[in-house]
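Take a look at the model below. Then read on for a short tour.

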Amino acid sequence: RRCDLVVFASLYEGFGLPIIEGQALGRPVVTSNFGAMAEAAGDGAALVDPMDPAAIRAAVTKILGDDGYCDHLIEAGFRNVAKYQPAVVASQYAAIYAEVAAAH
């Protein structure tokens with residue numbers, strides 16, 4: 001809660017829950033530009049090549065030095081987190097189950 005930003009430049013994750021947690025707390029996020037991290041982050045993160053330290057540094061520097069960009073990531077993060085609210089996820093599962101049940 002006391003951090004300025006979340007840096008989660010991981011090489012492999014099953015989902016990327018720390019990204020969603022950071023966004024839910026209103027923190028700008030830097031994360032990997034592929035796989036589950038990019039999908040979980042949506043438009044609410046600076047996406048970087050996790051194997052490129054200069055790209056990670058540039059993203060952190062931009063967030064810390066550009067208030068407009070930082071605010072944009074925070075706002076986009078809040079919008080992204082809305083997709084992962086329990087009621088939203090539960091209704092999506094219910095729709096899938098209803099579709100499967102109807103097909104049989």
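## About the model

This is a predicted model, in which local features need pLDDT of at least 70 and side-chain atom pairs count only at pLDDT 80 or more, while totals for chains, interfaces and linings use all residues. Residues are numbered from 1 along each chain as its sequence is written, and side-chain values use heavy atoms, leaving out hydrogens and water.

## The whole chain

The protein chain has five helices and three strands. Both kinds are DSSP runs, numbered from the N terminus: helices are H or I with at least four residues, strands are E with at least two. Along the sequence the pattern is β-α-β-α-β-α-α-α. The C-alpha trace spans about 55 × 25 × 20 Å along its principal axes.

Of the 104 residues, 35% count as buried. Buried means under 20% relative accessible area, exposed means over 50%, and partly exposed lies in between (1.4 Å probe, protein chains only).

Helix 4 covers residues 67-82, and Asp-71 lies in it. Asn-80 has its place in helix 4 too. Asn-80 is buried, because its value is 5%.

## Contacts of Asn-80

The side chains of Asn-80 and Gln-23 are joined by a polar contact of 2.8 Å. Such a contact is a pair of N or O atoms within 3.5 Å; within protein, one must be able to donate a hydrogen and the other to accept it, and residues adjacent in sequence count only if both atoms are side-chain atoms. The Asn-80 side chain also reaches the backbone oxygen of Ala-40, at 2.6 Å.
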